[in-house]
Amino acid sequence: MAATVMFGSNQISKDAVLQSLRELAGKPSEQIFVNSVKLPSESVVEFFTALCNVSAEELKQNPARVYSLQKLVEISYYNMARIRMVWARIWSVLANHFISAGSHHEEKIAMYAIDSLRQLGMKYLERAELANFTFQNDILKPFVVLMHNSCSESIRRLIVDCIVQMIKSKVGSIKSGWRSVFMIFTAAADDDLETIVESAFENVEQVILEHFDQVVGDCFMDCVNCLIGFANNKTSHRISLKAIALLRICEERLAEGLVPGGSLKPIEDNADATSDITEHYWFPMLAGLSDLTSDPRPEVSNCALEVLFDLLNERGNKFSSNFWESIFHRVLFPIFDHIRHAGKETTSYGDEWICETSVHSLQLLCNLFNTFYKEVSFMLPPLLNLLLDCAKKTDQSVASISLAALVHLIEVGGHQFSDSDWDTLLKSIRDASYTTQPLELLNALGIESGKSQSVMARDFEVPANANGQLQDNQEGRASVDLRESDGQTPSPGKLQKASEAAELNRSQTIGQRLMGNMMDNLFVRSFTSKPKNLASDSVIPASPSKTMDVVEHYPEDLTESPFMGTVRGKCVTQLLLLGALDSIQKKYWSKLKAYQKIKILEILFSMLEFSASYNSYTNLRLRMQHISSERPPLNLLRQELAGTCIYLDALQKTTSSSSSSSSSSSSSSSEDDDVTKVKTDAEEKLVSFCGQVLKETSDFQSSIGETTNMEIHQVLGLRSPIIVTVLKGMCAMDNQIFRKHLRSFYPLFTKLVCCDQMDIRGALADLFSMQLNGLVE
């Protein structure tokens, strides 16, 4: 040992050691260790270093010896009273040696080293911790390293037991040591052995419930991270739920008006610095709960979701705008990454999460936005982007969930939207209606030319096939076919020219004013089809979905091609967007500005027009020639009916005398002019739309006498709900408007009197009773 000490030491240390050895000559060797307290500071560090080197050599022997390791513990006891700066140098040497000894390949030696380390820790905790010193944390750090690195269950269990024993016997003395304690327990939370997890959590729970005031200090963040670790453990959902409950306790203590950090300071609303400090402590808790919402265990994810939003709703009034922005982007929006990345390839876990969690979480998000609207109104654009990004996915469940949340956002919070908010919302809906147009139906290259007609119909899961040519017909509408009669794919150029030609022949009163140039017209047309997921009907107007049910489904085990899956997803989104617009016009129409009403009418018409074109009488007849008489042809009647109902409702509200008088009573002259202009424009749209539908029907009705073909009667039966909807809408038409345009309507009525559809004749009788009786009298 003397040789080891002498090697590499400076002259002062050598002289001190030699003097000590001379004094101990002839005395028992134990006196060497006892008298180490008399060594100068430099010499004692050299002495500890030498003894650690000797111990390391002993541990390499076979069998390993622990004599020097035991003496290290003894002389540590003797020298622990030295000034802290000297002890810090000593401990930097000892800590590395104990980590090495605690990692020994023989478990017995490693456990001996860890127990020796426990003895030193217990002894050092008897000393009072001075302010701004963290020696306790340094003493316990070797436990942290060994807990992370050990592969032995016995060693990890022993480390937890050592820490538990320290807490129970020295809990009142622990200051900076709490940081290492929580780091050890955090590592234990990720252990595969349930007994280790349970033992560690029981003590964490006891510390928080009984000694929280001691933990607050600088270790609050470590406490929160430890609880998040236990909440994420997969061995016991019971522990996960209790850990979330303990996070709630930490949150309540944080919100009591105390800032962690050693000194307790009241939180003042006007003290920006203090608020920033507090928000710094909020964030790990919020982020941890956000991560837990994606836990595969439903009970854990739901609990985390509830606690997260309860916390935000209760404490959000103290948060600054910058912190709210951070919360939305880094805490709330990541919750919905599952939905944003969902698609046809979604795993079963993803499907389960979407079904069980997404609807509720999106509703909570929208409610939170509405609750703190004044503070977070600037977050409306990214919130709408989230909802509509999800709506653009091909997965029907995702589209239904996100747009249902959009409707919820509008219905609950629309009353406090500013004009700019409405502008943002309508622009987002308009963009979504354009980008989710199933333009694949116009791109014939998207369909395999060799695919049979029956398979095409089956893929769409609507009883029809996709045959028919893009041509002009007697109604001036475009008849659409995805393939030519010989089964070959027409060129995109041919489709483009035919579409433009059909557009030029379209009625100017309906198409020109709203649709713009030819290319825009092609872009904004809407093909939609009845969705496979009927659960999405919750956001669709009740009247269309109840009235329109003319299609039947094929067995669900039939597979769907990727192309038709994409088309179907877009069709579902289009139908759900109609539901969102319906929610706006039903609840907030009177609050909208004139230009906003016009924008909604334009969006509605752009979504309605092409479904009406696709469902024209000639198109339906053409498709019926290729299918059996038992099944209706491929159609978009459900979309057309939904759009017709909403469009007529909006036009009726705009043109009614009561609405215009009430709005003008509290408005300026310029606003009065806008209202008058909108009313005039809406009147023209209403008359033109109703007249066009009635003209097509009456012309088709006239052709019934020229042929006995049953296809004509079947087609009229398919389209009768649309006609009935328009006739009922005319019953509610402003009486002055009806009288003004009766001259053009009446000939069309007379042709429908002989219609063989009972529902059409009944609706016509109601119209005569309500609108014509007054004129006859």
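These legends describe close-up views of a predicted model.

**View 1. An aromatic pair joins Trp-282 and Phe-319.** The structure holds 25 aromatic pairs. In this one, the rings sit edge-to-face, with 5.8 Å from centre to centre and 70 degrees between the planes. The pair links distant parts of the chain, 37 residues apart. Trp-282 belongs to helix α13 (residues 272-292). Phe-319 lies in the loop between α14 (298-315) and α15 (321-332). Both Trp-282 and Phe-319 are buried. They are also members of one aromatic cluster, together with Phe-323, Trp-324, Phe-328, Phe-333 and Phe-372.

**View 2. Arg-719 lies over the face of Tyr-617.** The distance to the ring centre is 5.0 Å.

View 3. The structure holds 25 salt bridges. Lys-71 counts as buried because its relative accessibility is 5%, under the 20% limit.

**View 4. Arg-248 takes part in a salt-bridge network.** Glu-251 is one partner of Arg-248, with the closest N and O atoms 2.4 Å apart. Both lie in helix α12 (residues 237-254), three residues apart, so about one helical turn separates them. Glu-251 and Arg-248 are both buried. Glu-314 also meets Arg-248 in a salt bridge, at 2.8 Å from N to O. Glu-314 lies in helix α14 and Arg-248 in helix α12, so this pair ties together parts 66 residues apart in sequence. Arg-248 has a relative accessible area of 16%, whereas Glu-314 is partly exposed at 41% relative accessibility. Shared partners join Arg-248, Glu-251, Glu-314 and Arg-315 into one network.

Terms used: Residues numbered from 1 in each chain as written. Predicted model: local features only at pLDDT ≥ 70, side-chain atom pairs only at ≥ 80, totals over all residues. Heavy atoms only, no water. Phe/Tyr/Trp six-rings, centres within 6.5 Å; stacked < 30°, edge-to-face > 60°. Helix = DSSP H or I, 4+ residues; strand = E, 2+ residues; numbered from the N terminus. Buried < 20%, exposed > 50% of the residue type's maximum accessible area, 1.4 Å probe, protein only. Lys NZ or Arg CZ within 6 Å of the ring centre and 35° of its normal. Salt bridge = Lys/Arg side-chain N within 4 Å of Asp/Glu carboxyl O.
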